[in-house]
Structures are given as C-alpha cells and as structure tokens.
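Subject: Structure for your review

Dear colleague,

Please find below the structure that I am handing over to you. My findings follow it, and I would be grateful if you read them with the structure open.

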Amino acid sequence: MSGAEFDCEDVVEVVTDYLEGVMAPEDRRRFERHLNDCDGCLHYLEQMQAVIRLVGRPTVESVPPETMAGLLRKFRTWRG
Amino acid sequence: MNAPVADFSATIASIEDLELLDRLRRGEEAAFTQLVEGLYGSMLRLAMFHLGNRAVAEEVVQDAWVGVLRQLDRFEGRSSLRTWILRIVSNLAKTRAVRERRTLPFSSLDGLDEQDREPAVDPERFLPAGERWAGHWSSPPRSWQDVPEELLLSQETRAEVERAIEALPPTQRAVIVLRDVDGLTAAEACELLGLTDGNQRVLLHRARSRVRRALERYLDDAQVA
C-alpha cells in the first residue's frame, strides 16, 4: 500500500499484518490514523483481538483411557 | 520494512515448563498425565494435517511420546516444551508421510487456494464504488465491550468458536491452532507446517477473519434472542 489513506475495506485486510507487527512504519501510521477517526474499524480491531483471546482459551482434550494407560506404562518403563 | 515485533512468548521454556520437567524427571505420574492431556489434541491435529488419516496419525502420536521420553534429558529449554514436542511430532509425521508415499497437503499450498483469497468481510458491508464514502462501512461492526462477560466467556460461545475452527479449511485450521491455541511464534508455525512466512500470515488472517464472522453472527443472534 502506498500513497492513499486506508479506507475501511483496506483495514480489515491488513489488520493481521498490524497485529503481527510486520507493517512498514508509514503504513502503520496510516492504519492508526484511520482508527483514530473510525469507530467501526476500532471495533473491528477490538473484535479481532477478542477472537485471538477466545481461540486461545485452553481446552483440555480428553485422551482415550486406553491410550493414557499405554502411555503411562511407557512413562514407568522410562523412569525405570 | 520495520523489524517484526519480537515475540518471546513461545521461544524459550517458561518457569512452568522447567517445573514440569523437574517433576517428570523425578518420575511423577501426575506431571506426565498433565503433559499428555495438555498436548494430545494438538499433537493429533498436527499429525492429521501431515497424514490425513486418523489411525496413522494416532500411531505417529504414540511414537512421538516414545521419542519425547527418550530425548527428554536432552531438552535444553531453547524452545517451549510444547514447541519442542510438536516439532518431534511434525518430524515423525513428515517422515511417515513420505513412507506412505503421500503428497504433503501443502505442496499445493505454495499457491494458496480459492478459499484463502476470499475477503475478510462481506463486501456488502461497505459502501460501493461511486458513492462518496466508497470503501467505508455501510454496516459497521459494533463494539463487543458491551457484550456481557457471561455471554462472551460462556461455554456456548466457546463451543461456537470451536465449531468455527473445525469448519475451517484444513490448512487455515492448522495455522490458527498452532498460533492462537498452542501459542507458537510465526517462525515456529512455518517450520512445523512447511509454509513461507507470507503464506502463514495469509492463512492466519483468513482463519481469524472467518472465526470473527462466525462469532459476530452468534453474538448478534444471542443478544437479540
């Protein structure tokens, strides 16, 4: 992206580059300038940050009992 | 280009990793059970990604645990324990895929496919070309700040997020799981999945955008109801 200011349709496509910290400094400034003036895009950024937090909430997978029993046997042998 | 923002979150072993390691080396079964429960799903998903066959993927995960135990004394803490273990799974799965003469799913990924090119947001939500404010929101997203915590953090919302992740194309799913569930860095995810940095980011972007869309629909419905 160069020259023109970002519009909202650009912002939703570069938001991951922004969050990943890989934007060129002038694009970063352009992005932040847009967000200063645009509640819709500010909310969009906040929603993406919420998505990252929600996806990252830890879940404990249930391990099939026979698999766990087999692995524990290996662990006991290893500890030996 | 500016330097990427450094992300050390998953690049070295944490205090918790080192404590867990200590308990494992003392032979504490509870520590081992905790490790297996926290990693089994991620290991299986990663093996599935390379192999596409659940039975073979399960065998690879079993073999990976044998490898983990054999090499545990050599773990030096230069990555997180999680990354180190997932790397063992990835290496075994890739070797097994070659043996099974199976083409790796991402050899086709150097060119991303159609699903990875779709817009992040439905174009209908922006003012069309020709309008004075073309490219700006016609239907802007609302703030989730006023979504009640008990809804945002509910089991139902959690289940909706998981459904959205399961519904993703496999490569997008693999990337978002490693990055946002397992907390790996971009470089680590690229290594484990055999992706370029640019493609990894495109896939992460598409995956997060799709999950956001699903969640927006869900939260709008839930609050109207």
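In this predicted model, about 1000 Å² of area is buried between domain 1 of chain B and domain 2 of chain B, and carbon and sulfur atoms give 62% of that area. On the side of domain 1 of chain B, the residues that lose the most area to domain 2 are B:Arg45, B:Phe49 and B:Arg87, which together account for 46% of what that side buries. Domain 1 covers residues 15–99 of chain B, and domain 2 covers residues 142–225. Their centres, taken over C-alpha atoms, are separated by 24 Å.

The contact between the two domains of chain B involves 12 residues of domain 1 and 11 residues of domain 2. Between them there are 2 salt bridges and 7 residue pairs in polar contact, both residues being at pLDDT 80 or more. The elements that give two or more residues to the domain 1 side are α2 (29–51) and α4 (81–99) of chain B. Of these, α4(B) supplies the largest share, 6 residues. By class, that side of domain 1 has 3 nonpolar, 5 polar and 4 charged residues.

Over all chains, the count comes to 27 salt bridges. One pair is B:Arg82, in helix α4 of chain B, and B:Asp182, in the loop between α7 (170–181) and α8 (186–193) of chain B, so this pair ties together parts that are 100 residues apart in sequence. The closest N and O atoms of B:Arg82 and B:Asp182 are 2.5 Å apart. B:Arg82 is partly exposed, with a relative accessible area of 23%, whereas B:Asp182 is buried, at 9%.

A salt bridge also joins the side chains of B:Arg125 and B:Glu216, at 2.7 Å from N to O. This pair links distant parts of the chain, 91 residues apart: B:Arg125 is in the loop between α4 and α5 (149–152) of chain B, and B:Glu216 is in helix α9 (residues 197–224) of chain B. Are these two residues, B:Arg125 and B:Glu216, buried or exposed? Both B:Arg125 and B:Glu216 are buried.

In the salt bridge between B:Arg142 and B:Asp146, the closest N and O atoms are 4.0 Å apart. B:Arg142 counts as partly exposed, at 31% relative accessibility, while B:Asp146 is exposed, with a relative accessible area of 53%. Finally, B:Asp22, B:Arg23, B:Arg26 and B:Glu28 are joined into one network by salt bridges that share partners.

Yours sincerely

Note on methods. Residues numbered from 1 in each chain as written. Chains lettered and ligands numbered in written order. Predicted model: local features only at pLDDT ≥ 70, side-chain atom pairs only at ≥ 80, totals over all residues. Heavy atoms only, no water. Domains from an automatic or database assignment. Contact = heavy atoms within 4.5 Å. Buried area = accessible area lost by both parts, 1.4 Å probe. Polar contact = N/O pair within 3.5 Å; in protein donor to acceptor, adjacent residues only side chain to side chain. Helix = DSSP H or I, 4+ residues; strand = E, 2+ residues; numbered from the N terminus. Nonpolar A, V, L, I, M, F, W, Y, C, P; charged D, E, K, R; others polar. Buried < 20%, exposed > 50% of the residue type's maximum accessible area, 1.4 Å probe, protein only.
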